[in-house]
Amino acid sequence: MGVSNRYPDAAVPIAHLSASWETPPTVLIGAALALVLFVQAFVRLRRRRRQHAPWDRALLFGAGLALLVLPLVSPLDHVGDEELLSAHMLQHVLIGDAAAALLVVAVRGPLLFFLLPPLVLRPLASFRPLRAFLSVLLLPLVALGLWGLAFIGWHIPAAYDYAAAHPLVHDLEHLSFVVAGVLAWTQLVDPARHGHLRRPQRVFFALGMLALAQPLVDALLFTTAPAYARYTGAHGISALTDQRLAGAVMMVEQLLTLGLCVALLLRPYLQQRRGRVRRPVLSHGSR
């Protein structure tokens with residue numbers, strides 16, 4: 001009898017979470033379109049030069065698409081919207097930072113130019129207003145400013161609560177995270193190899209992203225009272241602890257992604273320095 005009395009209490013949360021999987025049409029259509037474009041680009045490029053479309057690119061793209069879609073259709077979306085700010089922050093950094101980084105890395109190089117079929121690419125490339133608009137968006141300072149505006153602006157409590165209460169605005173919020181993330185990581189990865197930023201400048205761009213996010217991280221970590229009335233605590237976590245966890249989630253995720261990016265950008269300089277150190281040692285030993 002004791003077991004049967006406890007069973008409903010344990011089953012209700014599990015059943016509730018299992019029922020929280022959603023199928024938002026815009027997310028699924030967008031993901032399907034992205035997958036189709038990547039697959040046709042991958043197949044076309046492999047037919048020409050297989051070395052420019054290795055299978056690890058497909059794995060990276062699949063991982064990036066999964067990190068973009070799953071946070072929006074899984075129970076994480078419900079928990080983040082209704083229960084925990086930290087879960088919502090995890091959703092935001094996954095779709096706007098980690099997923100964007102993987103997707104941009106996956107399509108870098110020649111693969112990028114095959115994403116759109118020729119019948120679509122030619123008219124778009126010849127449409128001057130679109131080219132001018134994209135050239136402005138891809139300016140480093142514009143991309144950095146839009147990234148900071150998206151991540152900081154939407155987390156102002158008034159803007160956050162308004163977006164949470166209006167589904168269309170909430171969808172636009174998520175879209176802005178993805179677009180801003182792709183623009184920022186385009187500067188860091190330079191998938192088209194335009195060379196707008198040299199390697200040292202890309203390092204400073206990554207540090208700029210960390211600097212822009214730091215005020216929000218500090219506010220979440222060190223504020224002594226909950227800033228979001230929507231979250232009153234859940235799952236044994238108080239509202240203030242939840243808020244501090246949200247700050248920690250954002251800080252850790254950005255340190256991991258941007259820290260790895262900076263390490264990879266600095267790697268050639270470190271290798272050159274090691275080579276310079278080894279040469280005198282070897283020459284001294286040969287004597």
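Q: Contact means heavy atoms within 4.5 Å. Leaving aside its neighbours within four places in sequence, what is Glu173 in contact with?

A: Glu173 touches His92, Trp154, Tyr160 and Ala163, once neighbours within four places in sequence are set aside.

Q: What am I looking at, and how are residues numbered?

A: This is a predicted model, where local features need pLDDT of at least 70 and side-chain atom pairs count only at pLDDT 80 or more, while totals for chains, interfaces and linings use all residues. Residues are numbered from 1 along each chain as its sequence is written, and side-chain values use heavy atoms, with hydrogens and water left out.

Q: Back to Glu173. Where does Glu173 lie?

A: In helix α10, residues 167-189. Helices are DSSP runs of H or I with at least four residues, strands are runs of E with at least two, and both are numbered from the N terminus.

Q: Is Glu173 buried or exposed?

A: Glu173 is buried. Buried means under 20% relative accessible area, exposed means over 50%, and partly exposed is in between (1.4 Å probe, protein chains only).

Q: Which side chain of opposite charge is nearest to Glu173?

A: Arg230, at 9.5 Å. Glu173 has no salt bridge. A salt bridge needs a side-chain nitrogen of Lys or Arg within 4 Å of a carboxyl oxygen of Asp or Glu. For charge, Lys and Arg count as positive, Asp and Glu as negative; His and the chain ends are not counted.

Q: How many salt bridges are there in the whole structure?

A: The search finds one. Glu82 and Arg230 meet through their side chains, at 3.6 Å from N to O. The two are 148 residues apart: Glu82 sits in helix α4, and Arg230 in the loop between α11 and α12.

Q: Why do Glu82 and Arg230 count as partly exposed?

A: Glu82 has 46% relative accessibility, so it counts as partly exposed. Arg230 is at 30%, so it counts as partly exposed too.

Q: How much of α4 is covered?

A: Mostly covered: six of the eight residues in α4 (residues 75-82) are buried. Among them are Asp77, His78 and Asp81.

Q: New topic. How many helices and strands does the protein have?

A: 12 helices and zero strands. Of the 287 residues, 39% are buried.

Q: What share of the contacts comes from residues 24 or more positions apart?

A: Among contacts with a separation of 6 or more, 75%.

Q: How many aromatic pairs are there?

A: Seven. Rings of Phe, Tyr and Trp (its six-membered ring) pair if their centres lie within 6.5 Å; planes under 30 degrees apart are stacked, over 60 edge-to-face, and the rest tilted.

Q: Why is the pair of Phe38 and Phe61 called stacked?

A: Their planes are at 5°, so the pair is stacked; the ring centres are 4.1 Å apart. Phe38 is in helix α2 (residues 25-48) and Phe61 in helix α3 (residues 55-73), 23 residues apart. Both Phe38 and Phe61 are buried. Ring pairs also join Phe38 and Phe61 with Phe42 and Trp55 in a cluster.

Q: And what about Phe151 and Phe177?

A: That aromatic pair is tilted, with 4.9 Å centre to centre and 40° between the planes. Phe151 is in helix α8 (residues 140-153) and Phe177 in helix α10, 26 residues apart. Phe151 is at 1% relative accessibility, so it counts as buried. Phe177 is buried as well, at 0%.

Q: How many residues does the largest nonpolar core have?

A: 63. Such a core is a set of buried Ala, Val, Leu, Ile, Met, Phe, Trp, Tyr and Cys residues joined through side-chain atoms within 4.5 Å. Those with the most contacts inside the core are Trp185, Leu188, Phe205, Met209 and Met250. Helix α5 gives the most to this core, with 10 residues.

Q: What does Phe205 contact?

A: Leaving aside neighbours within four places in sequence, its contacts include Pro140, Leu144, Ala184 and Leu188.
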